[in-house]
Amino acid sequence: MYPENLRYTKEHEWLLVEGDTGTVGITDHAQEELGDIVYVDLPRVGTQLTQAGALGSVESVKAVSEIYSPAAGEVTEINGTLADAPEKLNEDPYGAGWLVKIKLSDAAQAAGLMNAADYEAYVGAEK
Amino acid sequence: MIEKVREHLSQNEPLLFERSSPGKCAYQLPALDVPPVDPAEALGAENVRAEIEGFPEVSEVEAIRHFTRLSTWNYAIDHGMYPLGSCTMKYNPRINELVARTEALAWAHPYQPEALAQGSMEVMARMEAALAEITGMDAVTLQPAAGAHGELTGILLIRALLQQRGNPRRKILIPDSAHGTNPATAAIAGYAVQNIKSSESGVLDVSALEQLVTDDVAALMVTNPNTLGVFEENIIHAAEILHAKGAMLYMDGANMNALVGIARPGDFGVDVMHLNLHKTFSTPHGGGGPGAGPVAVKAALEPFLPTPRLKRAGKRWAYDYKRKHSIGRVKAFYGNFGVLVRALAYILAHGGPGLRNATVDAVLNAVYIRKKLEPYYELPYPSPNMHEVVFSDERQARHGVRTGDLAKRLIDYGFHPYTVSFPLIVHGALMIEPTETEGKMEIDQFVNAMISIAREAETDPQLVKSAPHGTRTSRVDEVAAARKPVLRWKPA
Amino acid sequence: MLDACGVAHADELFAHLPEAVRLKRPLALDAGVSEYEIVQYFRDRAAENANGYASFLGAGVYRHYRPVLVDTVVSRGEFLTSYTPYQAEISQGTLTAIFEFQTMLCQLTGMDVANASMYDGSTAVPEAAMMAVRATGKGHVLIARSVHPEYREVLHTYARHQGMPVTEFGYVPEAGTIDLEDLDRKLDGLTAAVIVQSPNFFGIVDQVKAAAEMAHQRGALLVVVFTEAVSMGLVEPPVDADIVAGELQSFAISPSYGGPYAGILAIKEKLIRQMPGRLVGQSTDTHGNRAFCLTLATREQHIRREKATSNICTNQALIALMATVFMTVYGKEGLRELATQNLAKAHYLAGKLAPRFCGKFFNEFVARVDDPEAANKALLKKKIIGGLPLARFYPELPDAVLLCATEMNTRAEMDAVAEVLG
């Protein structure tokens, strides 16, 4: 149900680790809860993020949701296409809807996050 | 069966700019009785603008038809009930409009000599006195322009007093059921917000409060009755807890329509509060404003009130600008005088007994609605309600129908929706406040409409989810409006 | 109904209130009176105000003729008694009118986006300052002394608790325009906004372009304030500004002893997410028809709560509608002609007096008058309310009076003023 190669947070973000680069996004559960996304507020390239620290926010028509970083690191790239097409988060939250890429300060932090099975159980329990 | 309304009357009409064409005009100025002046010479050529590109050019008849047609696309209190919880959409008496236009009041300039403004000053003094009596407080400022503005003023007053006592403190406690302006205001006043969870019965959790009130807490902002329409039975105890720790009790007066003539905030421990004249005191909403948000305080806070204050100078009124401890101005001039006139007219018309009767009727109407709708809608909190009642959409949600859908379907029955999804502590809230304006006939029509919709949610949910069906526009795409905002007309 | 509620008497509905909170006496207010008596009460109050006086007061509140159509339109129950247009399907009248209002304000000010009004000009200023702080990430604000004194007071009240230091910079004594050297000295890397007014409090068209260049060079935003909206009919709009914060009272809003008025914020596109207040956007309904709705609500208090761009909830919709009708009645040519007449009137009067400043002015100017209080007393005897003596706001100008002449002042009135003051 949830991609096996990602790690997940309690705040419904996902992290893809490739070497010391992390890609961050929000899960399908998150985008469904938010509804149609109208705007994404992302940090500037170069911003230092802490684990569980604020990364930005996602807005639907009637709600704003803070996004927290799954791991610590420096923002190296942001997904500029979201400015014109925020709906990508709804349509493809694990692919085209990626938010930022970070240079991980400690790739081992990923191990402390949930795997796909744990996350699925977590979401099920929340409901 | 829909008894109340036909298909929404709807003229067609483009925007002013689409009606425009060069040379049409709707004005005529008198001939100049002084020599004309060359703008370039008087202002400097670089300061003279070219034409106002795109500005409308229409005739008088086109102008009146334009706005008349637009007006037919609106719902209004003059059409029927607004069951909007927390908004107190009562009738806007037309006598208010007449007196506000009395020439020497409407044309008074705020800087005209005090000797030639005694009438306006007397009106303001009378309002201050009336509001002090109604709220049970010691002093009133009429300067704030609206409720949120009054909230800011009130919190700044608290800060000033605590500062004088040595420590302004850093936090303000706000219930999770509060209106959004409360935390927003606290932030602007430089305070951190700490949420306090409501108890299981939906009221202030006094034991939680006891834990949270420290020397670092400046105040608790409370609405009473709260946003569930329930009276905060522990308010006196709450005030004692706060005062024992040197903190203050701020009351958001949005729900005063449940209290006027029955109970006075000053008598149950409130230190400072604001009123919404466009709610409790009948001034018109006019599509979103203007309002007025007078603030009433206990004597300890009086020295900090915004400057200037009215004072007696022999037989006349005068302004006192020498107020060392004042927080300063929150607005230019004296307040929304035109709104004050309307509210005073309302108070004069009702008088003491009439104001109390209005409160009784407002509560009676709301309790009646609760009793009638309880069998059909989930009531999350069983406590007695006052002037408003909050249901949740739990039963209808089982069929996939949410509070927003029910609200849209209510439009087809000829009513404006109730307040949707507020307060946040109720999932899928329906907040209903009829006010005293509504007679039994209108209320029964509303109740019957709500019952019918509850049935439709079970038997034909799609009908409800795709509502409204009889209006000029169907549901508007708010997502597109937010993704690609178009906030002005531009020529093709 | 009482039966349905399960009570015998309506007072039982309050039985659940604690004994200690209940008011045990009637309110100490007179009994209610009839319509006629209410009208009489306010007539009596009106009689205690100035009646039948000519006036040369401006200073932020202006006497302009109110076209009859304005009250005709706003008196319609569908506009007067309607609510905030949260339910778009039954509020297209209000939403369309606001969309037109937003458009016209952009056309007038030269900005990209205008909101659906703030409480008034004086509160629009701190809102603009807070926007600039959010947008630039810097904390200091500079404001010219030639901005309306009461507007500055309001800014100080708001700023005091936001950790937003406000510093004032001066005006040039001969010209009455901003002192660019003083501004230069005070501008630094911590400045979020430079706030100027044009035409300024003295009525003078100020150095907006120069201020913009200076501010932008140091990474600050330029906020331009206006109090006399009619000036925009003739005076070049502040296109170099980042934020325009102004007062629309001149557009058919009764002076009404200080309010209610309508402020506006108009901005360059880039600042849109920082803008407080309601915004109406264009969209479509499910059938593809053009329709309007409130939008970008996530900036606002009911969603963001303590992280909102402002705490503002109510706007001045009905007042903004008055301004919209005014702008429609006068239209492109009319507003220009109105402004031109105002220019002529004020310059005629100034020609007979001794202007204190040499700066170029619109419909207000400062006259040198030896004893302003005595002069005004003499004018009152002729049933003329004179201009505003400036000593109360500018102690360094004890011999100065701010006079405003509009299309409502006649030649005879101005000649009478010249006789006393000249």
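This is a predicted model: local features need pLDDT of at least 70, side-chain atom pairs count only at pLDDT 80 or more; totals for chains, interfaces and linings use all residues.
Trainee: How do you know that the length of helix α6 of chain C agrees with its number of residues?
Mentor: Count 1.5 Å a residue, for one less than the number of residues. The 16 residues, 121-136, should then span 22 Å. The end C-alpha atoms are 23 Å apart, so the two values agree.

Trainee: What makes α6(C) largely enclosed by the rest of the structure?
Mentor: A residue is buried if 20 or more other C-beta atoms lie within 10 Å of its own. In α6(C), 13 of the 16 residues are buried, so the helix is largely enclosed.

Trainee: What follows α6(C)?
Mentor: G137(C) does, and its phi is positive, near 75°.

Trainee: Which domains does the assignment give for chain C?
Mentor: Domain 1 takes 54-67 + 332-421, and domain 2 takes 69-324. Their C-alpha centres lie 26 Å apart.

Trainee: How do you know that domain 1 of chain C is in contact with domain 2 of chain C?
Mentor: Contact needs C-beta atoms within 7 Å. On that basis, 26 residues of domain 1 of chain C touch 26 residues of domain 2 of chain C.

Trainee: Which elements give two or more residues to the domain 1 side?
Mentor: In chain C they are α11 (317-352) and β11 (364-368). α11(C) gives the most, with seven residues.

Trainee: How does that side of domain 1 of chain C divide by class?
Mentor: There are 15 nonpolar, six polar and five charged residues.

How values were computed: Residues are numbered from 1 along each chain as its sequence is written. Chains are lettered from A and ligands numbered from 1 in the order in which they are written. Helices (H or I, at least four residues) and strands (E, at least two) are DSSP runs, numbered from the N terminus. A residue is buried if 20 or more other C-beta atoms lie within 10 Å of its own, exposed if 12 or fewer, and partly exposed in between; C-beta atoms are placed from the backbone. Domain bounds come from an automatic or database domain assignment. Two residues are in contact if their C-beta atoms, placed from the backbone, lie within 7 Å. Ala, Val, Leu, Ile, Met, Phe, Trp, Tyr, Cys and Pro count as nonpolar, Asp, Glu, Lys and Arg as charged, and the others, Gly among them, as polar.
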